[in-house]
Amino acid sequence: EPYFKTDNKNSTDTDNNSWRIWFGGDVRGLYADDSEGGTEIVCLHSIQTDLARNVSEEILKNVFTTNYEGARKLIDANEAVSDDFWVFAGYAGWSAGQLEEELNRESWYMISADSETVWNELTDQRDDNTLDPRDAGLKSWSTLMGMLGKQDEARAVSESFADLSLKEWAAESILFNSTLPVVNESDELDDLLKSLSPSISNSIDSAESFVDLAQRYINDGIQGSVLRGSSKDRSPFLLSDQKLHKCSMLVIQDDDVLTVGVLLNHPMTKTYPIPLANGDDVEFPVRYGGSFGIPGIIDQPIIFLHSKPELRDAKVGEPVGKSTKGIEECMIWICSEQQVAKAIDAGRASSSDFMCVQGFQIWPKEDIPSNSGILAQLVTGDLEVVDETLVEEVWKVLSSQSKLTLDTLEKNFQTSLLAWSAGGKDDSNSSPPFVYDSTVTTSQLADDSLRYWTEAFLLGGIVSAGKYDYSSGFD
């Protein structure tokens, strides 16, 4: 439903006190906090009384803008009702020269039209009660494109990845769904359970599984655990942090200050050489571990991991964490470059027995919003703990990935999804939800979003853009 703001809940004058709100932009928008000046309300109208002109600014002939206070003055003076205004929360802004640059690269079309035509078209959209916020304005855009003679161009991008992502943004950002519950890292178990909303509680497989998770987290932490991205019907990482969608991640540190994890399923386009005793170099594909520690931002050393029983027996490195299910030691070990070289020189291992990772993910535990720590993501199911009995298979699948190139892109991507599947059951519905007014499921779109992230961020350029057919997959 459209969002309505009511000035006075006790008033029966709904014509003057109910305001249909439109998303105007991110600057001082719906989610702006006090440090940003709060939400700014912008009201468009075509009222031409003396008072209206005094409290407004004319931006086109006979089309004016005013703020919320100005609109209220006109209503209080009986010169307008709330339906006379088109009300926006927030606005879009450009720095000097930015809009001109965007016009030059055809991010926008600039058109010429008389103010009456513009206002009539805008008010038709404003007053159209059949428009659904989840459409994200695309029907209105298509109408305007038709008026420009660009209807073929509009049809060509219907159900494109960009349009579908925009619809999902609208469903998430302007439908005003309930927010996450408050989950404090320092809560005791009873307080933690009480803090959950029914919607979150219902998303957990069972009370027993949640109690096990919470008790383990409070008592022992999750260092050494392998986590995977959510198996929800709609991925929480569809629109942001796509790298975490269906990820496989190892927690290498978990203490009172922060939690640190490394992603295991994202090979990059580079390798790391280690010199051997015979003078040869052995090359290791480098995996993207996370957004921290990337060269040029925060330069961090390479880390090496292994899960080979013979190397564990020989004490090559040290376990990342401790086991909780009777297994003698954590299955995954961390080791140094020197230990890797020595093991290969001794014939105990080959390069394929190791994973080489650069970068990491960080979840602070101090001075953060109470619903943004890693415990909150575990409780809400955004991240899931992989059962220790499944870790070996996850590792085995990921070990078959290779250095990222155009030729290995598809195989690496599909292998990443297979490793995620090996880490647990898929809890998504057998009839998953579709993106609004489309034939594409949200789970399919989330996979595509991860694919585009992989291409853009790890490969260095989108190679599938414009080549996607949802009936047959990537070309």
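Leucine 305 stands opposite isoleucine 334 in β14. This pairing belongs to a predicted model of a chain with 17 helices and 19 strands. Of the 475 residues in the chain, 42% are buried. Among contacts with a separation of 6 or more, 67% are between residues 24 or more positions apart. The accessible surface of the chain is about 25,000 Å², and carbon and sulfur atoms account for 49% of that surface.

**The six-stranded sheet**

- Six strands form an open sheet in the order β10-β11-β15-β12-β14-β13, and the pairing is mixed. The edge strands, β10 (267-275) and β13 (318-319), each pair on one side only.
- Strand β12 (residues 303-306) is joined to β15 (residues 354-358) by four bridges, and the two strands run antiparallel. Histidine 306 is placed opposite phenylalanine 354 of β15.
- Strand β12 is also joined to β14 (residues 333-335), here by three bridges and again in the antiparallel sense. The Leu305 position opposite isoleucine 334 belongs to this pairing.

**Side chains of β12**

- In a regular strand, side chains alternate between the two faces of the sheet.
- Ile303 and Leu305 point one way from β12, while Phe304 and His306 point the other way. All of these residues are buried.

- Helix α7 covers residues 151-156 and contains glutamine 151. Glutamine 151 has a relative accessible area of 34%, so this residue is classed as partly exposed, between the limits of 20% and 50%.
- Leaving aside residues up to four places away in sequence, glutamine 151 touches Met145 and Gly146.
- Helix α8 (residues 161-173) has 13 residues.
- The buried residues in α8 are Asp163, Leu164, Ser165, Lys167, Glu168, Ala170, Ala171 and Ser173. Their cover includes α6 (138-147) and α17 (442-459).

**A nonpolar surface patch**

- Trp94, Leu99 and Trp108 make up a nonpolar patch on the surface, and their accessible area together is about 300 Å².
- Tryptophan 94 is located in the loop between β6 (86-89) and α4 (98-104). Because its relative accessible area is 37%, tryptophan 94 counts as partly exposed.

**Positive phi outside glycine**

- Glutamate 106 is a residue other than glycine with a positive phi, near 60°. Glutamate 106 sits in the loop between α4 and α5 (115-126). With a relative accessible area of 61%, over the 50% limit, glutamate 106 is exposed.
- Lysine 246 also has a positive phi without being glycine, with a value near 50°. The loop between β7 (226-229) and β8 (248-254) holds lysine 246. The relative accessibility of lysine 246 is 15%, which is under 20%, so lysine 246 counts as buried.

Note on methods. Residues are numbered from 1 along each chain as its sequence is written. This is a predicted model: local features need pLDDT of at least 70, side-chain atom pairs count only at pLDDT 80 or more; totals for chains, interfaces and linings use all residues. Side-chain values use heavy atoms; hydrogens and water are left out. Buried means under 20% relative accessible area, exposed over 50%, partly exposed in between (1.4 Å probe, protein chains only). Contact means heavy atoms within 4.5 Å. The expected span of a helix is 1.5 Å times one less than its number of residues. Accessible areas come from the Shrake-Rupley method with a 1.4 Å probe; for residues, only the protein chains shown count as cover. Patches are made of residues with over 30% relative accessible area and no salt bridge: like charges are joined within 9 Å, nonpolar side chains (Val, Leu, Ile, Met, Phe, Trp, Tyr) within 5 Å. A salt bridge is a side-chain nitrogen of Lys or Arg within 4 Å of a carboxyl oxygen of Asp or Glu. Two strands pair if DSSP finds at least two bridges between them.
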